[in-house]
Amino acid sequence: MLGYVLRRVLAVIPVMLLVAVFVFLLLRLTPGDPAAIIAGDMATPAQLERIREAMGLNDPIHIQFITWVGQLLRGDLGVSLISNTPVAAMVADRIGPTLSIAVLTILMSVALAVPMGVLAAWKHRSAADYAVMTFSVLGFSVPVFVIGYLFILVFSLQLGWFPVQGFRPLSAGLGAFLSTAFLPALTLSTIYVALIARMTRANMLDVLGEDYIRTARAKGAPERRVLFRHALRNAAVPILTVIGTGFALLIGGVVVTETVFNIPGVGRLTVDAILARDYPVIQAMILLTSFLYVLVNLLIDLSYSLFDPRIRY
């Protein structure tokens, strides 16, 4: 087990190195001059040259890359070209709302989708199965901003149960947090409930046709035990992959939902940085998202053995 973990952790290093090279070259080769962004339209050529020299933009590109990687290893993500604020501080301010809503979304999605998928597979070609599949199709088809505005209209404007926009952190109290985070999480969960429920149903249908399921039923095992202990456990590997990938995507920021509900998350930070050509912020967000995907995939790989007894290290 320890050897497998070490191999998987070491495999992260070349992946992140390739991502770093790609991000660095992509932003350096795109049109636009960071010095001109900082100095403004009225800057003289001498002022632009001084800024480029101070930022190291006149150095050879390999020297710039080595310097940038050294800063990353020290935890220095650079300084925003627009606000002159450390990028690490900007990300720290924005990651809280995004992380909170992502966790709540995944919890709601799993709690709803897995039982729905199990029920649809157990009652294959019944009214329950058709209802779950209809919801899955609608969840994929309706744009998320339409769902968000619909929820605002019904639950905020008409019923008055939740505020229209804004975000309150968990430190302000559980009630205040849920009042502002529930609707965004519910909006996002419609997509993930549809995806996870469909994946659960498909894998459960495959597993329920296996010989060991028929054997368990022939021995008189309760149906709930057959479904959740034998079938769901062996169908869980692809479901875990979908859940983990979805969580990484949510942490990376969901721009549309954050815009609809006016949530100051990392998604809006990324879009603002792209529009302003704030290169250090863009680099930091791409690296953060890539690292989260790699970390989530690593955790999923390590958790496979808990659900699939055929996997050995």
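View 1. From the N terminus on, the elements of the protein chain run α-α-α-α-α-α-α-α-α-α-α-α-α-α, and the secondary structure comes to 14 helices and zero strands, where helices (H or I, at least four residues) and strands (E, at least two) are DSSP runs numbered from the N terminus. This is a predicted model, in which local features need pLDDT of at least 70 and side-chain atom pairs count only at pLDDT 80 or more, while totals for chains, interfaces and linings use all residues. Residues are numbered from 1 along each chain as its sequence is written, and side-chain values use heavy atoms, with hydrogens and water left out. Of the 313 residues of the protein chain, 39% count as buried; buried means under 20% relative accessible area, exposed over 50%, and partly exposed in between, with a 1.4 Å probe and protein chains only. Among contacts (heavy atoms within 4.5 Å) between residues at least 6 apart in sequence, 73% join residues at least 24 apart.

View 2. The unreviewed UniProt entry lists "transmembrane region" for several spans, including residues 99-122 and 174-195; UniProt positions are given in the numbering used here, feature names are shortened, and annotations may be inferred rather than shown by experiment. Over residues 99-122 the model is 100% helix and 0% strand, with the end C-alpha atoms 34 Å apart. Residues 174-195 are likewise 100% helix and 0% strand, and their end C-alpha atoms lie 28 Å apart.

View 3. The buried residues of α6 are Asp129, Val132, Met133, Ser136 and Gly139. They cover an arc of only 120 degrees around the axis, which puts them on the same side of α6, the arc being that of the directions from the helix axis to the C-beta atoms. On the other side of α6, Ala127, Tyr130 and Ser141 are exposed, whereas the cover over the buried residues includes α5 and α8.

**View 4. Helix α10 and its neighbours.** Helix α10 (residues 223-234) has 12 residues and reaches 16 Å from its first C-alpha to its last, close to the 16 Å expected. Its buried residues are Val226, Leu227, Ala231 and Leu232. They cover an arc of only 130 degrees around the axis and therefore lie on the same side of α10. These buried residues pack against α5 (87-122), α8 (174-208), α9 (211-218) and α11 (236-251).

**View 5. Methionine 199 in helix α8.** Methionine 199 has its place in helix α8 and, at 27% relative accessibility, counts as partly exposed. Not counting residues up to four places away in sequence, methionine 199 touches Pro238, Ile239 and Val242. The C-alpha atoms of methionine 199 and valine 114 are separated by 9.0 Å, although these residues are 85 apart along the chain.

**View 6. Aromatic rings around tryptophan 161.** Rings of Phe, Tyr and Trp (its six-membered ring) pair if their centres lie within 6.5 Å, and planes under 30 degrees apart count as stacked, over 60 as edge-to-face and the rest as tilted. By this rule the count comes to six aromatic pairs. The rings of phenylalanine 155 and tryptophan 161 have their centres 5.9 Å apart and their planes at 35 degrees, so the pair is tilted. Ring pairs link Phe151, Phe155, Trp161, Phe162 and Phe182 into a cluster, and tryptophan 161, at 56% relative accessibility, counts as exposed.

Definitions and conventions:
Expected span 1.5 Å × (residues − 1).
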